[in-house]
Amino acid sequence: MDVHEYQAKEILSGFGVEVPPGALAYSPEQAAYRARELGGDKWVVKAQVHAGGRGKAGGVKLCDSDHAIQEACESMFGRKLVTHQTGPEGKGIYRVYVEAAVPIEREFYLGLVMDRSSQRVMIVASAEGGMEIEEISAEKPDSIVRSTVEPAVGLQDFQAREIAFELGIEPGLVSQVVRTLQGCYRAFSELDATMVEINPLVVTGDDRVIALDAKMTFDYNALFRHPQISELRDKSQEDPRESRAADRGLSYVGLDGNIGCIVNGAGLAMATMDTIMLAGGAPANFLDIGGGATPERVAKAFRLVMSDKNVQAVLVNIFAGINRCDWVAEGLVQALNEVQVDVPVIARLAGTNVEEGQRILSKSGLPIIRAGTLMEAAERAVVAWQNDLTQATRMRAVK
């Protein structure tokens, strides 16, 4: 789960990371009022969306008057901010963060992520702040400092000092960098985060180390331990299909293809998507309905998949281990009787009581295309999608 910049800064501030003074606003007039409250003569207005690259897309503007602030907000509120991370659909701007401008002397990049290969938290830092980490890695790979943290002891001060020295931090500022690193690591580990990023981390003209921007991502499966973090969720920034799926206990990720997938098990779902691609098709989604493929869950899955207007065929791939294929088949028949599905449906069942499951599908009288193997199911799904597409094209031509 992602949070907004202002939320990440509030969290990190509670762990000792210094951030500039700022305030949230929901209208241009409120933004100007917030600036007057903060004082000073220059402010930065930042669109609050769950995406990077805001500055290049016009989502971050430096202002020096009330009029400039209101103009900046007028150009942001109510529109979609499109960056390289949002895709062409963009993210809606419904709030902005007004922050007092600070004099910047140097910029750094700082990130904490979970390194799956070492099963450790990895600290990634660079003296080339203000750039995306992908750009830094491509253009100046030698500037990147990497350091893994031993979970048994956590981030030690000497380790944080080594990182600061490798970044070329002045000796008088090392203690501030150590405090920042320690604060970020504590927030990461204590709140079950999967990513903390400060870009840029700046040294100001008055020798302060400040987090000028901040991003945090949290492990969705650990949110039950942190209700204060769960409350920060902003559904307006999420794919509405993924949001609906999460609220219904389904694991769903929307994609750009045409063949909808309903599968039990994350690994099998990924294998199903790969097989569809191998057969010449493109999956429209990742959908794991979990171990309990009850009629209710199958019906929910169909409703969710069919909410995507790009779906032109649905592939149901169920491996019954703890479940039984006859139960799944009954659920599938019931779901198709409840949910209007006007595209080809391909079903592949395997595992316990598969013969009885196939008999139930055959007896139902529903136009379900059955398959014995995953490859066969994927091939039939691609053929059904192509035939349906050809038929639709012909109908449009007749009209």
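**Exercises on a predicted model**

In this predicted model, Gly59 is found in the loop that links β2 (43–47) and β3 (60–63).

**Exercise 1.** Determine whether Gly59 is buried or exposed, and state which residues Gly59 touches beyond four places away in sequence.

*Solution.* Step 1: the relative accessible area of Gly59 is 0%. Step 2: a residue counts as buried under 20%, and Gly59 is therefore buried. Step 3: setting aside residues up to four places away in sequence, Gly59 touches Val45, Lys46, Ala47, Arg54, Met76 and Leu81.

**Exercise 2.** Classify the packing of helix α10 (residues 295–306) against helix α11 (residues 325–338).

*Solution.* Step 1: two packed helices are described by the angle between their axes and by the distance between those axes. Step 2: for α10 and α11 the angle is about 45 degrees, and the axes lie 8 Å apart. Step 3: α10 is therefore oblique to α11. Step 4: the contact involves Pro295, Val298, Ala299, Phe302 and Arg303 from α10, together with Gly331, Leu332, Gln334, Ala335, Leu336 and Glu338 from α11. Step 5: sorted by class, this contact of α10 with α11 has seven nonpolar, two polar and two charged residues.

**Exercise 3.** Describe the largest nonpolar core and name the helix that supplies its largest share.

*Solution.* Step 1: the largest nonpolar core has 43 residues, and Leu12, Leu110, Leu112, Met216 and Phe218 have the most contacts inside it. Step 2: helix α6 (residues 174–190) gives the largest share of this core, eight residues. Step 3: a second, separate core has 34 residues, among them Ala284, Phe302, Leu349 and Leu361.

Key. Residues are numbered from 1 along each chain as its sequence is written. This is a predicted model: local features need pLDDT of at least 70, side-chain atom pairs count only at pLDDT 80 or more; totals for chains, interfaces and linings use all residues. Side-chain values use heavy atoms; hydrogens and water are left out. Helices (H or I, at least four residues) and strands (E, at least two) are DSSP runs, numbered from the N terminus. Buried means under 20% relative accessible area, exposed over 50%, partly exposed in between (1.4 Å probe, protein chains only). Contact means heavy atoms within 4.5 Å. Axes are lines fitted to C-alpha atoms, for helices over the stretch in contact, and angles run from 0 to 180 degrees between N-to-C directions. Angles under 35 degrees count as roughly parallel, over 145 as roughly antiparallel, 65 to 115 as roughly perpendicular and the rest as oblique. Ala, Val, Leu, Ile, Met, Phe, Trp, Tyr, Cys and Pro count as nonpolar, Asp, Glu, Lys and Arg as charged, and the others, Gly among them, as polar. A nonpolar core is a set of buried Ala, Val, Leu, Ile, Met, Phe, Trp, Tyr and Cys residues joined through side-chain atoms within 4.5 Å.
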